[in-house]
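Subject: Structure handover

Hello,

Please load it first, then read my notes.

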There are 2 protein chains.
Amino acid sequence: MANATPVMTSRTLDSITGAKDVIVKCENFQRTGSFKFRGAWNVISHISNDERKKGIIAHSSGNFAQAVALVSAMLKIKATIIMPNNATPSKIQATKGYGADVIFCGNNPGDRAKMAEELVEQYGYRLVHPFDDYNVIFGAGTTAYEFLTSIKPIDLLLVPIGGGGLISGCSIAAKGLLPRIKVIGIEPKNADDAYRSFQSGMRLPVVNANTIADGLRTSVGEKTFPIIQEYVDDIVTVSEEQIIDAMKFYWERMKLVVEPSGAVPLAGLLSGNIEPSLIKNKKVGLIISGGNIDLSKFFEVLQKDSQTSSQLIKKK
Amino acid sequence: MANATPVMTSRTLDSITGAKDVIVKCENFQRTGSFKFRGAWNVISHISNDERKKGIIAHSSGNFAQAVALVSAMLKIKATIIMPNNATPSKIQATKGYGADVIFCGNNPGDRAKMAEELVEQYGYRLVHPFDDYNVIFGAGTTAYEFLTSIKPIDLLLVPIGGGGLISGCSIAAKGLLPRIKVIGIEPKNADDAYRSFQSGMRLPVVNANTIADGLRTSVGEKTFPIIQEYVDDIVTVSEEQIIDAMKFYWERMKLVVEPSGAVPLAGLLSGNIEPSLIKNKKVGLIISGGNIDLSKFFEVLQKDSQTSSQLIKKK
């Protein structure tokens, strides 16, 4: 039930990176604006009838919330979503718009999980985890499966890492289809738990995650980390400035509305932190994970500017 | 040499308009970010060798400027572009970036044409008109040809009107392919010369064009107007607020960076000013003419906000 999303290319991107081709998989065009729909559909459509009757519960900063809300509405299941107080307002609004009940909690990732457990206890809801669930992981992996089967073989695949659901699913699919492909995870420096975990071989929690990439503030999961250890070749981190520059490139040059988390792989490609021999004359695939970003301020200013200039003309 | 641009759809758009399908042709993904590349390529690639040696000159508020600059660079022809003082800075920058010489003039459409004539006189440049030239018109018309041959027949095609190059080319192509299709031009109320001309049957100039749709501030042309009279079924106008709301829909819901002029057909579709029987249960095609908009302020604010919040964390 997910959209088959298009891929995009840019001559400018090929020329500034020295890659043979840079090909971008656009999950910002996915239903609900992010790849999360794939995992939500895959897990919720497999829930038993008894569980459906009781309803489901999920916790998410936004993209998974929207995906669960829409899938639940499509399957006529009651959904309760726990969102942090500091979630992007447009993501909260969209989640409510699809008909889910939204409950707010504190901003620590631990807060959400705790509140979810309490409500599961109280109401018997089925908890749907945003990434640490094999059905969610396999659903997310269809992104890479669809990407790699729709284009000619690529040499390097760059995927953002938050909880690790997208990259674990995508790395399984990518290595299954193309055993020699390299898969590199890109993570914000300001939420580098996956990088530190990968280096040390032990799952370490995120500390003070302060990144504009709101989808990547969570710690890598119990189920996703071992998959990352097995199938991912490397993890590279990027600064906040690099993330914003990559967003800017997508918006200005490729006319794509991409959220900060979705621009992280391009930030990695442009950062100089990836071994150049993996890029030079190679075919590089990037996954844009989503495009949900609050634009209300931008449009308020535009609206105001346009009214002011109309009044000036009328006064002439 | 133009890109075959993709088409996009939105379930939300179908449901709010009551149309059977709304299908959007994305010329914002065209080379140089607008349909103007098609006309520029079609005219400049046909110029004689003698004329090529002397160089070409064009006047444009931005999108045609970029297109002429890139085509000239590709064909190794010297290009001089006259742009108004109030042209969008990112469009000026892009035009220079492709290697054209940019000369500035006043903000009245008449200023540009006058300066161009003087330079043609002085240097023997070949003048390339942004829309009132049959090769430019036919080039622009490939947008509709490609659109309508790539999808199933549609009932109604909505196209923005500025100088009329896009709609005259597209209406010829559309009526040629699908004689029963309706073609409606959409124009900003604040630059409604085509609407008034169409109603009165005489070509009337634009007065005090004060619209955010910077590509649509020019008057309809001598060559384009008779084509519009013959092939276009109606012209409908939209307010500045409707244009901004349509842009907002494209950005927020469809994740497409669309410039104000490019959002004008959607503004028309959502305005209620088109006879409902032409929309209800019909297949409606919209042309997004371009996606070139200055985002530097938006990204400056984002950059500043992100630095501030990083510093706050470091001080903890």
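How many bridges join strand 4 of chain B to strand 5 of chain B? Five, and strand 4 (residues 79–84) and strand 5 (residues 101–105) run parallel. Strands here are DSSP runs of E, at least two residues, and helices are runs of H or I, at least four residues, both numbered from the N terminus. Strands pair if DSSP finds at least two bridges between them. B:M83 stands opposite B:F104 in strand 5 of chain B. With helix 5 (residues 89–97) of chain B, strands 4 and 5 of chain B make a right-handed β-α-β unit. Right-handed means that, with the strands pointing away from the viewer, the path from the first strand over the helix to the second runs clockwise.

Ground rules: this is a predicted model, where local features need pLDDT of at least 70, side-chain atom pairs need pLDDT 80 or more, and totals for chains, interfaces and linings use all residues. Residues are numbered from 1 along each chain as written, chains are lettered from A and ligands numbered from 1 in written order, and side-chain values use heavy atoms, without hydrogens and water.

The sheet in chain A

Chain A has an open sheet of six strands, order 1-2-10-7-8-9, with mixed pairing. Strand 1 (7–9) and strand 9 (234–238) of chain A each have a single partner strand, so one side of each lacks a neighbour in the sheet. The twist averages 25 degrees from one strand to the next; angles run from 0 to 180 degrees between N-to-C directions, with axes fitted to C-alpha atoms, for helices over the stretch in contact.

Helix pairs in chain A

Helix 11 (residues 240–254) and helix 12 (residues 260–270) of chain A pack at about 95 degrees, axes 8 Å apart. That makes helix 11 of chain A roughly perpendicular to helix 12 of chain A (65 to 115 degrees; under 35 is roughly parallel, over 145 roughly antiparallel, the rest oblique).

Chain B can be laid on chain A with an RMSD of 0.0 Å, by a turn of 180 degrees and a shift of 0.0 Å along the axis. The superposition is by least squares on C-alpha atoms of residues with pLDDT of at least 70 in both. The copies are thus related as by a two-fold rotation axis.

Best wishes
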